[in-house]
Amino acid sequence: MDLILFGAPGAGKGTQGALLAEKLGIPRISTGDLLREAVRFGTPLGAKAKEFMDAGDLVPDDVILGLVDEVLGDGRTEKGFILDGFPRTLPQAEALDALMKKAGRKLDRVVVLDVPDEALVQRISGRRTCPECSAVYNIYSDPPIRAGICDKCGNALSERIDDNAETVRKRLQVYNAQTQPLIDYYRSHGAPMATVQGDLEVNEVHDAVVSAIES
């Protein structure tokens, strides 16, 4: 089963992708993971990607798509895959279609995790992490007993600099501008689509995703 999982920052793609990969016995593929793996093993594409990463530049589409092409052709994805957060643009979607056609494959389902923007703002901007024990809290939905202090080890909690509400809203604007055309693209090309409410408990979202795939 070949799947694409879309969702805005903070929508839970990573969590749901990992749960789905375990249930279906197929790999969850994120381009970030592919890049890190290629760089770590020093592959030709990894060396090319590293040049851009070291310079602080975005890795170009031809490198990303080359990595995706490689993983489509190896044994890891023989029974299927879950693409997490890729493609991100229409040219990437069109190129992915060409790669899958070359590999004799087609998408079985495109799943969209739908979470209202303001819920995502609270989910991300409210996140606090303990630098000592890595415990994670949310000041809105799962606050520590003492504000700013880790319940487990008593250290001060920290906030990522890019998790403030203003930055999160800008990231969501970019995501919405890029992703809606992709959803329209797949719908117009007849890809089986499913939209799942993503602002529920993790297990509820997982059950809904599984039902959407199996229906």
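Predicted model: local features only at pLDDT ≥ 70, side-chain atom pairs only at ≥ 80, totals over all residues.
Biologist: What volume does the largest pocket have?

Modeller: The pocket is an open space, and 33 residues form its lining. Thr-31, Gly-32, Asp-84, Gly-85 and Arg-88 are the lining residues that lie nearest its centre. The volume of the largest pocket is about 960 Å³.

Biologist: Which helix gives the most to the lining of the largest pocket?

Modeller: Several elements supply at least two residues each, namely strand 1 (2-7), helix 1 (13-24), helix 2 (31-41), helix 4 (61-72) and helix 7 (165-188). One of these gives the most, with six residues, and that element is helix 7.

Biologist: How many charged residues does the lining of the largest pocket have?

Modeller: The lining is sorted by class, and 14 of its residues are nonpolar. A further 12 are polar. The charged residues in the lining of the largest pocket number seven.

Biologist: Which residues lie nearest the centre of the second largest pocket?

Modeller: This pocket holds about 780 Å³ of space. Its lining consists of 25 residues. Those nearest the centre are Gly-10, Gly-12, Arg-123, Asn-138 and Val-202.

Biologist: Which helix gives the most to the lining of the second largest pocket?

Modeller: Helix 1, helix 6 (117-125), strand 6 (136-138) and helix 8 (202-214) each supply at least two residues here. The greatest contribution is four residues, and it comes from helix 6.

Biologist: How many nonpolar residues are in the lining of the second largest pocket?

Modeller: By class, eight of the lining residues are polar and seven are charged. The nonpolar residues number 10.

Methods:
Residues numbered from 1 in each chain as written. Heavy atoms only, no water. 1 Å grid on protein atoms, 1.4 Å probe; cavity = no way out; pocket = protein on both sides within 12 Å on 5 of 7 lines; lining within 4 Å. Points joined across faces, edges and corners; volume = space filled by probe spheres on them. Nonpolar A, V, L, I, M, F, W, Y, C, P; charged D, E, K, R; others polar.
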